[in-house]
Amino acid sequence: QVQLVESGGGLVQPGGSLRLSCAASASIFSMNAIGWYRQAPGKERELAAAIISGSSTKYADSVKGRFTISRDDAKNTVFLQMKSLKPEDTAVYYCMRGYYSSKGSFTPAGSWGQGTQVTVSS
């Protein structure tokens with residue numbers, strides 16, 4: 001069973017940057033995609049970004065232009081580089097293996113971990 005561990009969260013001021021890491025115990029593309037989800041207090045979990053095995057990427061409108069998802073297959077790791085962070089980016093961020101169809105849907109296929117907390121505040 002492939003396990004994913006998120007790290008890299010922390011406290012950052014508005015306008016700052018953080019890089020989140022999602023480390024896998026085996027190939028991160030046993031399924032065809034990895035997604036970064038986030039859940040803010042009082043809000044539903046949302047898909048912020050996804051990367052597909054062919055390295056194509058998808059982003060939520062709220063993070064487009066500010067977040068970049070990438071992968072390092074040799075390290076079985078997916079990254080989420082976050083720039084120009086806003087208070088509304090405050091959330092617990094989770095990575096999740098799954099399947100992303102050409103029609104634009106991401107289907108989670110793993111179990112949710114603890115995530116990593118990102119807090120954007122002055």
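User: Which residues form one aromatic cluster here?

Analyst: That cluster is made up of Tyr37, Tyr94, Tyr100, Phe106 and Trp112. Keep in mind that this is a predicted model.

User: Okay, and how many aromatic pairs does the count come to?

Analyst: Four aromatic pairs. One of them joins Tyr37 and Trp112 in an edge-to-face arrangement, with 5.1 Å from centre to centre and 90° between the planes.

User: Where do Tyr37 and Trp112 lie?

Analyst: Tyr37 belongs to strand E4 (residues 33-39), while Trp112 is in the loop between strand E10 (106-108) and strand E11 (116-120), so their pair ties together parts 75 residues apart in sequence.

User: Is Tyr37 buried or exposed?

Analyst: Buried, with a relative accessible area of 8%. Trp112 is partly exposed, at 33%.

User: What about the rings of Tyr94 and Trp112, why is that pair called edge-to-face?

Analyst: Their planes are at 80°, and anything over 60 degrees counts as edge-to-face. The ring centres are 5.8 Å apart. This pair also links distant parts of the chain, as Tyr94 sits in strand E9 (residues 91-100) and Trp112 in the loop between E10 and E11, 18 residues apart.

User: And is Tyr94 buried or exposed?

Analyst: Tyr94 counts as buried, at 14% relative accessibility.

User: What holds strands of a sheet together, in general?

Analyst: They pair through backbone hydrogen bonds, either parallel or antiparallel.

User: Let's look at E1 and E3 then. Over how many bridges do they pair?

Analyst: Four bridges, in the antiparallel sense, with E3 covering residues 18-24.

User: Which residue in E3 does Ser7 stand opposite?

Analyst: Ser7 stands opposite Ser21.

Key:
Residues numbered from 1 in each chain as written. Predicted model: local features only at pLDDT ≥ 70, side-chain atom pairs only at ≥ 80, totals over all residues. Heavy atoms only, no water. Pairing = 2+ DSSP bridges. Helix = DSSP H or I, 4+ residues; strand = E, 2+ residues; numbered from the N terminus. Phe/Tyr/Trp six-rings, centres within 6.5 Å; stacked < 30°, edge-to-face > 60°. Buried < 20%, exposed > 50% of the residue type's maximum accessible area, 1.4 Å probe, protein only.
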